[in-house]
Every structure is written in C-alpha cells, then in structure tokens.
Amino acid sequence: PRDPYRFTLVLTQTHAVGMQITKVEWTVYQPGFGPATGTVSCLKTMIQYDGPHVPKCGADWKGWRLPQNGELRLPFQSSVGCGTPCGSTLYAIVPIWQVTVTGIDDDGQPRQAVIDIRLPAR
C-alpha cells in the first residue's frame with residue numbers, strides 16, 4: 001500500500017445547543033477500486049471498529065461531546081493497496097468520502113448529518 005492519505009474532519013457546532021455524537025459511519029470511494037466502509041459507535045452493544053483513530057467513548061458510553069459553539073476533530077485516512085496484478089502501476093489517491101454522524105442534542109432531539117467530502121488527488 002502507498003502512504004495513507006490523512007485528513008481531519010472538524011465538526012463545528014454553531015448553535016447554542018451541544019450534542020453527544022453516538023455513531024460515526026463512513027464510506028470511502030477510490031476510482032478503480034471497490035468502496036470501503038466502517039462504523040465507530042459508542043453503543044455498548046456494538047463492536048467498535050478500529051478504523052479512524054477517533055477519541056475513545058466517555059466512561060458513561062454517551063458518546064463524543066460536541067459542545068455548544070465548540071468543535072470535535074475526527075481523524076480519517078485512506079490508502080490504496082494493490083497486489084501483483086497491478087505490477088509497477090502507481091495509482092493516484094483520489095478519495096471520495098461520505099461520513100454520517102449521528103447523535104442526540106442537549107434538548108434530547110436525535111440529530112444526523114451526512115457529509116460528502118472530495119479531497120484533491122495525491
């Protein structure tokens with residue numbers, strides 16, 4: 001595999017209501033290769049995927065805190081691995097991400113955001 005393509009998704013809460021992020025799901029697409037998916041959850045019933053190195057869930061299992069008028073940083077990475085059929089061909093890494101963030105705001109309302117991310121080729 002080539003060097004990973006790393007980036008940090010910065011979630012910013014611009015309202016006066018904070019929230020607990022309880023689940024982060026993602027799909028990353030790379031032209032010419034199949035998609036990769038993953039989930040990180042703070043629900044005790046789910047097995048946590050060791051994908052992006054997101055902060056550990058709080059001891060109360062409520063999730064990751066996104067404070068009112070604050071931010072939460074989530075690091076991600078992708079890479080392209082290729083076996084013998086690829087020979088010496090080097091593929092440009094052109095990741096296309098879809099990240100879904102689910103949680104509950106401080107007013108008890110469920111919230112979900114779907115974020116589409118296109119990064120420049122590397």
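Good morning. The mean pLDDT of this chain is 78, and 73% of its residues reach 70 or more; pLDDT is the predictor's confidence in each residue, from 0 to 100. Over residues 45–52 the pLDDT is below 50, and in the model this stretch has 15 contacts beyond near neighbours in sequence. Contact here means heavy atoms within 4.5 Å. Where pLDDT is low, the predicted coordinates should not be read in detail.

Two remarks on conventions. This is a predicted model, in which local features need pLDDT of at least 70 and side-chain atom pairs count only at pLDDT 80 or more, while totals for chains, interfaces and linings use all residues. Residues are numbered from 1 along each chain as its sequence is written, and side-chain values use heavy atoms, with hydrogens and water left out.

I turn to the overall architecture. The chain has zero helices and seven strands; helices (H or I, at least four residues) and strands (E, at least two) are DSSP runs, numbered from the N terminus. In the chain, mean confidence is lowest in strand 3, residues 33–41, at 83, and highest in strand 7, at 94. Among contacts between residues at least 6 apart in sequence, 61% join residues at least 24 apart. Of the 122 residues, 37% are buried, where buried means under 20% relative accessible area, exposed over 50%, and partly exposed in between (1.4 Å probe, protein chains only).

Next, the second largest pocket. A pocket is defined on a 1 Å grid over the protein atoms alone, as an open set of points where a 1.4 Å probe fits, with protein on both sides within 12 Å along at least five of seven lines; lining residues have an atom within 4 Å of a point. The space in this pocket is about 160 Å³, the volume being that filled by probe spheres set on the points, which are joined across faces, edges and corners. Which strands each supply at least two residues of its lining? They are strand 1 (5–12), strand 2 (19–30) and strand 7 (110–118). Strand 7 gives the largest share, four residues. Among the lining residues are Leu11, Met19, Ile21, Arg111 and Ile115. By class, the lining has seven nonpolar, three polar and one charged residues. Ala, Val, Leu, Ile, Met, Phe, Trp, Tyr, Cys and Pro count as nonpolar, Asp, Glu, Lys and Arg as charged, and the others, Gly among them, as polar.

Beyond its neighbours within four places in sequence, Thr27 contacts Pro35, Ala36, Thr37, Ile96, Trp97 and Gln98. Tyr29 is placed in strand 2 as well, but at 38% relative accessibility it is partly exposed. Leaving out residues up to four places away, Tyr29 touches Pro35, Val94, Pro95 and Ile96. Tyr29 and Gln98, 69 residues apart in sequence, are 8.5 Å apart, C-alpha to C-alpha.

Finally, two loop residues. Ser79 is found in the loop between strand 5 and strand 6 (96–105) and is partly exposed, at 43% relative accessibility. Its C-alpha atom is separated by 9.5 Å from that of Val94, 15 residues apart along the chain. Asn69 lies in the loop between strand 4 (64–66) and strand 5 (71–78). Asn69 is exposed, with a relative accessible area of 54%, and its phi is near 50°, a positive value in a residue other than glycine.
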